[in-house]
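Me: I am new to this structure. Could you show me how to read its sheet?

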Amino acid sequence: MAATLQVLPCLVRAPLRSLLWGTPVARRASGMALAEHARQLFESAVGAVQPGPMLQRALSLDPDGRQLKVRDRSFQLRQNLYLVGFGKAVLGMAAATEELLGQHLVQGVISVPKGIRAAMERAGKQEMLLKPHSRVQVFEGAENNLPDHDALRAALTIQQLAEGLTADDLLLVLISGGGSALLPAPIPPVTLEEKQMLTKLLAARGATIQELNTMRKALSQLKGGGLAQAAYPAQVVSLILSDVVGDPVEVIASGPTVASAHNVQDCLHILNRYGLRSALPRSVKTVLARADSDPRGPHTCGHVLNVIIGSNTLALAEAQKQAEVLGYRALVLSTAMQGDVKNVAQFYGLLARVAGARLISSTAGTSVEEDAKLHELAAEFQLSDLKLEEVLKAVAEARGPVCLLAGGEPTVQLQGSGKGGRNQELALRVGVELERWPLGPVDVLFLSGGTDGQDGPTEAAGAWVVPELPIQAAAEGLDVATFLAHNDSYTFFCRLQGGAHLLYTGLTGTNVMDAHLLFLRPQ
């Protein structure tokens, strides 16, 4: 089910059309079409990765209902099906799974974010909720996406279910973004607080996300293949909604059904690098020493089938298809956009300049320096799937409206205490960049939105901007630089034209990172 645009708290109640088209430029027919099309394409991207459609594509029952087919594999069903899950989108995934396979389901346990059932009820998303007499037990925890004792209780219940399975059983594991915080189960005698403290110390000293995950896995009973090991000898099928660039199954939710490729020596190397080995709690030293002397060696996960059922790639492919239906030449740049939001905004601003000039066959064209700078920025991202040259060539041949699509997860270096999220900050920075470059006779619009419907600690999914944004802001006495300095993009967009540029979808029940849409339309 596609997301729907909603008017929420910071907006003045007004007819939908006046909220969408609040600027003088946007009132023109072409501007209205761009903003409306941006909303439609974002909704189509989100709709493609809703739990119901995704699971229906991945799972099917044979006519007599005795065999479950998962892609090209078949599993016997005879009242032997169990379910566990953890992640922000898992409530809807579990509801869709029980709808499809409920007659075979014996028991289920899922760990989902605190307050999500009430939020789905308020949003009227009944399809995301389990039925009153469901066989799936729901735990809510990990408030603010941080592991807590509610999530620990859920993880231990999941572990207990897995350990009780036999070779005749089949365990369906539902995994989505946020799953790591919802499945904390430190190896005793390590406590949850000790594990969190070590993670914070490493993060504060500049450890990478890969290094943090390596340590989490080493100290966890369920991550790094631990859940799969607990379920052995049962067959395990993991259905994974990816919120990680490149869809690496060993990284999503710290890979509970994927054997870890790291060992104790890797952990010690990390601890030495950041000068923390001597500061370790005794419990952590005990666990690492025990693992180092484990005669069984690393375990494998040969009894597991891991399947990516939803991803940013799938979402963008659907948006691309819908853009073409609307008459655009639609091109996907990358599904792995990452890096500092300032650099990503510079890239999109310069891309609009270079691609816009090629689209309208400007006699002035763009300078050699601009082309070189664009390619230099692109190279800094080190994206293996970036199709910059291919896209620019296609734009030059388009001779009509173009929609460039990308996805990923840029990062924001927090300097202020304002309110916002990476999508709103990216959109605001792109608005500034668009004004810097002469764009010629071409209309431009950029939208950035989080597919989960929540951008940072706000109720907006993201925002959209046009090159006139800085002028619009100045006319209302808003200093863009001040808002950016305080990471206060949400407040900025709330105040700009009564919130007309904010994208509201409500909770979508899914999460495959962000979608970026850049529209170029000859005037």
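Predicted model: local features only at pLDDT ≥ 70, side-chain atom pairs only at ≥ 80, totals over all residues.

Me: In what order do the six strands of the open sheet come?

Reply: First the general idea. Strands of a sheet pair through backbone hydrogen bonds, either parallel or antiparallel. Here the order is β6-β5-β4-β7-β8-β9, with parallel pairing. β6 (136-141) and β9 (304-310) stand at the edges with a single partner strand each, so one side of each has no neighbour in the sheet. On average, neighbouring strands are turned by 15 degrees against each other, direction ignored.

Me: Which strands does helix α6 touch as it packs on the sheet?

Reply: Helix α6 (residues 149-163) touches β4, β5, β6 and β7. Its direction makes about 155 degrees with that of β5.

Me: Which residues of β4 lie on each side?

Reply: In a regular strand the side chains alternate between the two faces of the sheet. In β4, Leu 81, Leu 83 and Gly 85 are on one side. Tyr 82, Val 84 and Phe 86 are on the other, and all of these residues are buried.

Me: What stands opposite Val 84 in β5, and what stands opposite Phe 86 in β7?

Reply: Val 84 faces Val 109 in β5. Six bridges join β4 to β5. The chain crosses between these two through helix α4 (residues 90-101), in a right-handed β-α-β crossover. Phe 86 stands opposite Ile 175 in β7, and β4 and β7 also pair over six bridges.

Conventions. Residues numbered from 1 in each chain as written. Heavy atoms only, no water. Pairing = 2+ DSSP bridges. Helix = DSSP H or I, 4+ residues; strand = E, 2+ residues; numbered from the N terminus. Axes fitted to C-alpha atoms, helices over the stretch in contact; angles between N-to-C directions. Contact = heavy atoms within 4.5 Å. Buried < 20%, exposed > 50% of the residue type's maximum accessible area, 1.4 Å probe, protein only. Right-handed = clockwise from strand over helix to strand, strands pointing away.
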